[in-house]
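Morning, everyone. I'll keep this short. Have a look at the model on the screen.

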Amino acid sequence: MAKLAVLHHEEGVRVNPDCLVALYAELGEAGAERVVARAMEEMNARLSEMQRFADDGDLVGLMRSARIVVKMADQIGLTSFTMVALDVIAATHAGDHAGQAATLARLLRIGDRSLNAVWDLRDMTI
């Protein structure tokens with residue numbers, strides 16, 4: 001009898017807490033909270049949008065949303081999220097459909113963990 005291998009995608013996320021510290025120092029607690037909450041909501045919506053664009057074959061929309069996600073993720077210090085979103089853009093721009101699908105799947109996997117990591121950092125004393 002053949003054995004079935006199951007792959008578990010457990011990838012750590014990298015968060016630059018210095019970005020959050022700078023944001024809090026610049027905007028104050030209330031302002032930074034608003035910026036981070038808005039960025040996280042928008043990033044979550046953009047991830048769903050990116051999947052829909054990929055499913056529909058709308059590569060221009062996919063790359064536009066990915067660029068927006070890069071800016072927001074960079075602003076709140078989601079380093080790994082930013083890097084993978086850039087990989088989605090590169091694969092899409094190169095016409096690498098398999099690479100695009102793989103990097104988009106990776107981005108979706110780490111998206112939730114990245115956003116949770118920011119919430120965890122916000123709960124700490126900054």
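Thr-82 sits in helix 3. This is a predicted model, by the way. Is Thr-82 buried or exposed? Its relative accessibility is 9%, and the cut-off for buried is under 20%, so Thr-82 counts as buried.

What does its side chain reach? The side chain of Thr-82 reaches the backbone oxygen of Leu-78, at 2.9 Å. Now set aside neighbours within four places in sequence. Thr-82 is then in contact with Val-70, Ala-73 and Asp-74.

Next, the helix around it. Thr-82 is one of several buried residues in helix 3; among the others are Ser-80, Phe-81, Val-84 and Ala-85. Further along, Val-88, Ile-89, Ala-91 and Thr-92 are buried too.

A quick geometry check. Helix 3 has 15 residues. At 1.5 Å a residue it should span 21 Å, and its end C-alpha atoms are 21 Å apart, so the two agree. After helix 3 comes Gly-95, with a positive phi near 75°.

Now the core. The largest nonpolar core has 30 residues. Which members touch the most others? Met-43, Met-50, Ile-76, Leu-78, Phe-81 and Leu-107. Helices 1, 2, 3 and 4 each supply at least two residues of this core. The largest share is from helix 1, with 12 residues.

Definitions and conventions. Residues are numbered from 1 along each chain as its sequence is written. This is a predicted model: local features need pLDDT of at least 70, side-chain atom pairs count only at pLDDT 80 or more; totals for chains, interfaces and linings use all residues. Side-chain values use heavy atoms; hydrogens and water are left out. A nonpolar core is a set of buried Ala, Val, Leu, Ile, Met, Phe, Trp, Tyr and Cys residues joined through side-chain atoms within 4.5 Å. Buried means under 20% relative accessible area, exposed over 50%, partly exposed in between (1.4 Å probe, protein chains only). Helices (H or I, at least four residues) and strands (E, at least two) are DSSP runs, numbered from the N terminus. A polar contact is a pair of N or O atoms within 3.5 Å; within protein, one must be able to donate a hydrogen and the other to accept it, and residues adjacent in sequence count only if both atoms are side-chain atoms. Contact means heavy atoms within 4.5 Å. The expected span of a helix is 1.5 Å times one less than its number of residues.
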